[in-house]
Every structure is written in structure tokens, then in C-alpha cells.
Amino acid sequence: DPDPRPRTLAHMADDLDTIIDSFVPRQVFLIGHSWGGTLAQFAAARRRAAGRTITGVMLVDSSTRTSQYSSLKVRTSVALAPPILRLLGRTRLAKWAMFQIGAGLPRPLRNAAIAGSASRTATEAAAAEAELFLSEIDWLSEHPLRLDGVDVCVISGMKGSKIIAKIRRELIAAHQKIATAGRWVPATKSAHNIPLSEPELIAEQIVDMVDRGRVAAQESVLV
């Protein structure tokens with residue numbers, strides 16, 4: 001249902017925690033792509049600080065540790081995103097765009113992606129998040145997220161046009177910095193949309209992370 005409250009990271013993390021804790025899990029793994037990865041990182045850091053269960057976090061081409069957001073050009077582009085998203089939602093352009101982006105997916109998956117991402121409700125939610133994006137980024141730059149003791153995996157898209165080559169290099173460097181105490185995995189066939197171009201790579205890393213969590217849990221019991 002539409003939520004009238006601001007779509008801040010804290011609010012979305014509250015919703016995520018409500019779902020997670022309803023299962024009373026012994027282990028929790030959070031995986032997110034792009035801004036969803038930032039939400040996963042935020043929620044994981046907050047659960048860690050509160051002493052709540054968090055086992056691993058996987059960030060798929062997601063990072064806030066770059067200088068690109070201080071650029072006036074980038075900030076202006078981000079500020080224009082909400083009205084553009086709302087326009088796309090009111091027309092068939094959002095569905096057309098998702099149809100093109102998901103062209104390589106099997107039809108059932110492509111239809112599900114269109115239904116979940118291109119509806120009027122979905123584009124309105126995305127616009128509401130975009131309205132707060134810069135203020136959230138600014139807050140995060142002053143409040144680094146700590147994931148000490150949490151299994152971390154960061155997957156980077158390695159491709160990109162020459163126009164954004166500098167931004168891509170910054171993103172990869174930021175990903176490697178986040179993954180210093182974890183694992184950095186290059187997605188050599190992908191730009192930003194790794195879930196569409198290399199879903200098998202993400203699946204492999206998820207299985208690997210869950211296996212490591214299972215081993216760690218067994219070792220802690222033995223100790």
C-alpha cells in the first residue's frame with residue numbers, strides 16, 4: 001500500500017527489520033543492488049550497532065563513497081529525477097523502458113520486472129526516494145556505516161561508456177575500499193545492471209556467503 005511517510009533510509013530499514021524479525025532468524029543476510037545496496041548496508045550497520053542478528057551483507061554495484069555527488073552537474077541531474085520518474089509513471093514510457101532494459105530476460109521474469117518497477121505506484125515510490133537522495137547521501141558522508149564483524153561482499157560492474165569512465169573508476173575504487181575486510185568481486189560482463197546481465201554471478205556469491213555463515217555458526221557452537 002502507498003506509504004505517506006518520507007521514504008528515508010531509516011524508515012525503509014524499519015520496514016525491513018519488521019519483516020526480518022517476524023521470522024526470528026538465526027542468521028540474516030542482506031543483498032541489495034544500487035540504492036537498494038545502500039539500504040542493505042544501512043540496515044546491516046544499524047542492526048550490528050543495536051546487537052541484532054546480521055550475518056552478511058552483499059552490495060551489488062552500490063556505493064556512496066565517491067566524490068561524484070559533490071558535482072553540481074550530478075546534483076542537478078539527481079534533483080530532476082523525481083519529476084521525470086513521475087512523468088514516466090503517468091505514461092507508458094516506464095513500461096517501455098523496463099521492457100528494453102529487461103530484453104534479455106525470459107518473458108515471465110521480464111513481465112514481473114515491468115509489473116514491479118514500472119507501475120504508477122512503483123514510480124511514485126522511486127520518485128519519493130529520489131527526492132531525499134541527496135540529503136541522505138550528505139548524511140552518509142558524515143556518518144560512515146560500520147560493518148565490523150559482518151561478512152561483506154561487494155560486486156562491481158566493470159563495463160561502462162567512455163562518458164562515465166571516471167565515475168566508474170571511482171565507484172570501483174569505493175567498492176574495493178568497502179570490501180577491504182571482505183571480498184570484492186568484479187562483474188566483467190556488466191555495467192550497472194548486474195542483476196540483469198550476470199544474475200548467475202550474484203547467485204554464486206549468495207550461495208558462497210550462506211555457506212560461510214553456516215560454517216561460522218557451526219564453529220561458534222563448537223567453541
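Where does α6 bend, and by about how many degrees? The points below take up the sheet first and then return to that helix.

1. Basis. This is a predicted model, in which local features need pLDDT of at least 70 and side-chain atom pairs count only at pLDDT 80 or more, while totals for chains, interfaces and linings use all residues. Residues are numbered from 1 along each chain as its sequence is written, and side-chain values use heavy atoms, with hydrogens and water left out. Helices (H or I, at least four residues) and strands (E, at least two) are DSSP runs, numbered from the N terminus.

2. Sheet. The four strands make an open sheet, ordered β1-β2-β3-β4, with parallel pairing; two strands pair if DSSP finds at least two bridges between them. The edges are β1 (29-33) and β4 (183-187), each of which has a single partner strand, so one side of each lacks a neighbour in the sheet. From one strand to the next the twist averages 15 degrees. Helix α2 packs on the sheet, where it touches β1 and β2, and its direction makes about 150 degrees with that of β1. Axes here are lines fitted to C-alpha atoms, for helices over the stretch in contact, and angles run from 0 to 180 degrees between N-to-C directions.

3. β1 and β2 run parallel and are joined by five bridges, with L30 opposite V57 in β2. β2 and β3 (residues 151-157) also pair in the parallel sense over five bridges, and V60 stands opposite I155 in β3. Five bridges join β3 to β4, again parallel; V154 is opposite W184 in β4.

4. Five of the five residues of β2 are buried (under 20% relative accessible area; exposed is over 50%, partly exposed in between; 1.4 Å probe, protein chains only). G56, M58 and V60 are on one side of β2, with V57 and L59 on the other. Seven of the seven residues of β3 are buried, so β3 is largely enclosed by the rest of the structure. D151, C153, I155 and G157 lie on one side of β3, and V152, V154 and S156 on the other.

5. S62. This serine is in the loop between β2 (56-60) and α3 and is buried, at a relative accessible area of 2%. A polar atom of the S62 side chain lies 3.1 Å from the backbone nitrogen of T38. Not counting residues up to four places away in sequence, S62 touches S34, G37, T38 and H175; contact means heavy atoms within 4.5 Å.

6. Helix α3. The end C-alpha atoms of α3 (residues 72-90) are 28 Å apart, which agrees with the 27 Å that its 19 residues should span at 1.5 Å a residue. The expected span is 1.5 Å times one less than the number of residues. α3 bends by about 35 degrees at A81, and a proline, P82, follows within four residues. Its buried residues are V74, V78, P82, R86 and G89, and what covers them includes α4 (93-101) and α6 (120-142).

7. Helix α6. The bend of α6 is about 45 degrees and falls at F133; a bend is the angle between axes fitted to the seven residues ending at a residue and the seven starting there. α6 has 23 residues and reaches 34 Å from its first C-alpha to its last, close to the 33 Å expected. F133 is itself buried, as are other α6 residues including A122, E129, E136 and L140. The cover over the buried residues of α6 includes α1 (9-21), α2 (35-49), α3, α4 and α5 (107-117).

Note on methods
A polar contact is a pair of N or O atoms within 3.5 Å; within protein, one must be able to donate a hydrogen and the other to accept it, and residues adjacent in sequence count only if both atoms are side-chain atoms.
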